[in-house]
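Please keep the sequence and the three-dimensional view at hand while reading.

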Amino acid sequence: MLDDIKNLRIHIKPSDVIADIDEMADGSEPLSRCRYFIEPYGPFMINECCEANYFTGNRVPYHEHTSGYETFLIDGGAVEVMSYSKKAVARKGDIVHIPPYSPHSIHVIEDGTIWRAFHQGLRLTQGMIDERRIRDMYPDIFNAPTFRQDIMSRQHSSVWYDYLSPECVDVPASDMGMIRLFDASLAKYSIGGAELRLKVARTETGGAKEVWQLMLKRGYTLKILPNNMHPLLFDVFSGAAELKLDGLPAIQATARDLLHIPNFLAGSITTLEDTVLLDCGCQGFLTRMMDEMQAYKVREPAKLNDRDFILALMKKYEYYIEFKTMSTD
């Protein structure tokens, strides 16, 4: 059993890819190199993870998806996001979240832009792999007028390109609903010295998950309880952390690494310096739990010092990451 655990891809560095693909905007010239890290899984097909490295002038054409959700982390550089006749700039640390039926286009405005994607319900990267295979082996099929639309539909991403881009006006990034600025949040909580920022709500993912930004000081420890119900996925945006899981050697992760932790493995994450973690696949109901804890803080604050009560609350909301102290600040 221990050998099976050792073979899992828990610590994923930017070079640890399962595929390296040239991404094409129009089916001809490469737009970027796309690195594929994690295949989608579960009933909601979550946590499909890849990233693209862009250069100034690259443009993703105006389109929309009729299914699936896209959450992008700007991990370097800057992009201009266009949607609904508006355009604004997203920079390093910002998140762009795009639900289905949201037309959008991306224009890269800085060299070395890194566009890290967490797809849900798309299998978009697999569609790109299939597209390249057919391009290289069956060019007559690849050059058919409806090929790109057909293959994307078969891969369940249902991309629709067939309309002209609108003329867009400049607006502040805070006025673009799909851009989540680094220092902004839908909700913010302080707990045990950590700051929790809700970046993408469950209402924006079809009920599948939430996305959180965790602001942690050096030496902060998150305890992973053994009965967690779901795999965990953390993006180390900045700083460094040590992951310890039962039965495995300690792992040290630095900026841009991923920590993909299987369910039913217990352990801890301890920051080695001030660190920002992005909890990309929070399937537990952390927002509900934090709201209830805020209510107890006012009505029955003594309960927040009772660990058995806190553990029962965590079980109720299927959230099995325990902070240094669960009493809300």
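A residue is called buried when its relative accessible area is under 20%, exposed when that area is over 50%, and partly exposed in between. By this rule K303, at 32% relative accessibility, counts as partly exposed. The model described here is predicted. The points below concern its salt bridges, its cavities, a surface patch and several loop residues.

**Salt bridges**

- Side chains of opposite charge can pair when their charged atoms come close.
- The structure holds 15 salt bridges.
- One of them joins E110 to R91, with 3.3 Å between the closest N and O atoms. Because E110 lies in the loop between β10 and β11 (113–120) and R91 lies in strand β8 (residues 86–91), the pair ties together parts that are 19 residues apart in sequence.
- E110 is partly exposed, since its relative accessibility is 34%. R91 is also partly exposed, with a relative accessible area of 43%.
- Another salt bridge links E204 with R180, and here the closest N and O atoms are 2.5 Å apart. E204 is placed in the loop between β16 (194–200) and β17 (210–216), while R180 belongs to strand β14 (residues 179–180), so this pair ties together parts that are 24 residues apart in sequence. Both E204 and R180 are buried.
- K303 forms a salt bridge with E300, the closest N and O atoms being 3.7 Å apart. E300 has a relative accessible area of 38% and is therefore partly exposed.

**Cavities**

- The model contains 3 cavities of 30 Å³ or more.
- The second largest cavity holds about 90 Å³ of space. It is lined by 13 residues, of which L232, G284, E318, Y319 and Y320 are the closest to its centre.
- The lining of the second largest cavity comprises 6 nonpolar, 5 polar and 2 charged residues.
- Strand β24 (residues 275–282) contributes the most to this lining, with 3 residues.

**A nonpolar surface patch**

- On the surface, M137, Y138 and I141 form a nonpolar patch, and together they have about 310 Å² of accessible area.
- Y138 is located in the loop between α2 (124–137) and α3 (139–142). With a relative accessibility of 41%, Y138 counts as partly exposed.

**Loop residues with positive phi**

- Most residues other than glycine have a negative phi.
- M45, which is not a glycine, has a positive phi near 50°. M45 lies in the loop between β3 (30–38) and β4 (48–54). Its relative accessible area is 24%, so M45 is partly exposed.
- Y101 is likewise not a glycine, yet its phi is positive, at about 60°. The position of Y101 is in the loop between β9 (95–98) and β10 (104–108).

**A buried loop residue**

- Y317 occupies the loop between α6 (307–316) and β25 (321–322). Y317 is buried because its relative accessible area is 10%, and the cut-off for buried is under 20%.
- Although Y317 and Q283 are 34 residues apart in sequence, their C-alpha atoms are 9.7 Å apart in space.

Definitions and conventions:
Residues are numbered from 1 along each chain as its sequence is written. This is a predicted model: local features need pLDDT of at least 70, side-chain atom pairs count only at pLDDT 80 or more; totals for chains, interfaces and linings use all residues. Side-chain values use heavy atoms; hydrogens and water are left out. Patches are made of residues with over 30% relative accessible area and no salt bridge: like charges are joined within 9 Å, nonpolar side chains (Val, Leu, Ile, Met, Phe, Trp, Tyr) within 5 Å. Accessible areas come from the Shrake-Rupley method with a 1.4 Å probe; for residues, only the protein chains shown count as cover. A salt bridge is a side-chain nitrogen of Lys or Arg within 4 Å of a carboxyl oxygen of Asp or Glu. Helices (H or I, at least four residues) and strands (E, at least two) are DSSP runs, numbered from the N terminus. Buried means under 20% relative accessible area, exposed over 50%, partly exposed in between (1.4 Å probe, protein chains only). On a 1 Å grid over the protein atoms alone, a cavity is a set of points where a 1.4 Å probe fits but cannot get out, and a pocket is an open set with protein on both sides within 12 Å along at least five of seven lines; lining residues have an atom within 4 Å of a point. Grid points are joined across faces, edges and corners, and a volume is the space filled by probe spheres set on the points. Ala, Val, Leu, Ile, Met, Phe, Trp, Tyr, Cys and Pro count as nonpolar, Asp, Glu, Lys and Arg as charged, and the others, Gly among them, as polar.
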